[in-house]
Amino acid sequence: MANLFSFQKLYKAYINCRRHKRNTYHAAKFEINFESELLKLEKELQNHTYEIGRSICFVVEEPSLREVFAATFRDRVVHHLLYNYLEPVFEPVFIAQSYACRKNKGVHRSLNDLQKYIRKVTENNRREAYFIHLDIKGFFMSLNKEILFRLISNQIKNPELLWLAKLIIFNDPVKNFAYKGDKSLFDKIPPHKSLFHVPENQGLPIGNLTSQFFANVYLNELDRFAKHILKAKYYLRYVDDFLLLSDDREQLNDWRNAIITFLNKRLKLELNHQKTIFKNIDRGIDWLGYIVKPSHVLVRRRIVKNFKRKLFQYNQILENYFCKKDPSLELIEKMLAASNSYFGHFKHADTFKLRTHLWEKHFQNLNKYIEPKDPGLASLQIKPEFLERAGRAR
């Protein structure tokens, strides 16, 4: 059993973990002595003396205010270790229409599938059909740890893995954390969206790999209920957002009532009734930042508005540099990364005209330093002449 927590297994988890965190301070600090750190972790896990470290608590403002408890890099390695064992067991159990935090899934796969479903249920727009968009109220804060651990135990029998899973699931980050950032933002978080206000053995921290994976384990119960008990042919879920499509309005209403009862009895969850949307499909489906219609996909106006506001701020900052000196390369790289993030979102919709308009009318001062990477404006890059002036020629 001790081989489960071997150096080789931990090294693989470490490589996976650092893939997206290598440039952070804590990842770099861990990397300096990663061999001794992994050997220490190996011994602690095998002896069951491993303890979860202090989380960093902060608030992110986009796309909405959220409280995040970020694990230390050391603990993230352990999260990846556990995930590497659990994912192959649960992946075959998950339905195809669950898209969050899974290989070969994601937002854009769900968009493609949703368009196919729309065409099928409307018979290529020849038949009237409807959709209902449901959302779970404060999902991560409402998740019951006892139920989650039971669901894990139903599939995993190895006592070592169950020990580690239980340790991570029942850890309460509120009891060991440090604040980061603007503390006043915490006052703006509604109580039902904060771990500081949940009962014991309830709620998971947002921002950890294990929390994302556990969300899929937990809501797989809902997925299977919708697909196998309700026989909902056109059903999709992304984290706690889910859609059902049908050509029968009454059927959708019956399904919603059945889901309300199921969530309450089996998972101790509630729907956020204020976010329930029940409409005709031909009006378009607002899904994960896009408006999906049978023939095309658009981007939500709010996202475009947010990007325009960000570009305005960038242009104001860059105004101070004209006739003086160049901004730092790091500043332009930060602005480029944000712009490419939005363009990456836009390119999965029918937005060539939008991207062209934004580039021509809203980049202004910023386009002195960056340029389109391709004629289709799928992404942007830093201009070679600016890189040269900054001392980083290609």
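This is a predicted model: local features need pLDDT of at least 70, side-chain atom pairs count only at pLDDT 80 or more; totals for chains, interfaces and linings use all residues.
Residues are numbered from 1 along each chain as its sequence is written, and side-chain values use heavy atoms, with hydrogens and water left out.

As for overall shape, the C-alpha trace spans about 65 × 65 × 40 Å along its principal axes. A compact globule with 394 residues would have a radius of gyration near 21 Å, and the protein's 24 Å agrees with that (taken over C-alpha atoms; the rule is 2.2 Å times the number of residues to the power 0.38). Among contacts (heavy atoms within 4.5 Å) with a separation of 6 or more, 72% link residues 24 or more positions apart.

The fold has 14 helices and 12 strands (DSSP runs numbered from the N terminus: H or I of at least four residues for helices, E of at least two for strands). Take helix α4 (residues 73–90) and helix α7 (residues 145–155): their axes come within 10 Å and cross at roughly 70° (lines fitted to C-alpha atoms over the stretch in contact, with angles from 0 to 180 degrees between N-to-C directions). So α4 and α7 are roughly perpendicular to each other, a label for angles of 65 to 115 degrees. Here L86, V89 and F90 in α4 meet L151, I152 and Q155 in α7.

Notes. Angles under 35 degrees count as roughly parallel, over 145 as roughly antiparallel, 65 to 115 as roughly perpendicular and the rest as oblique.
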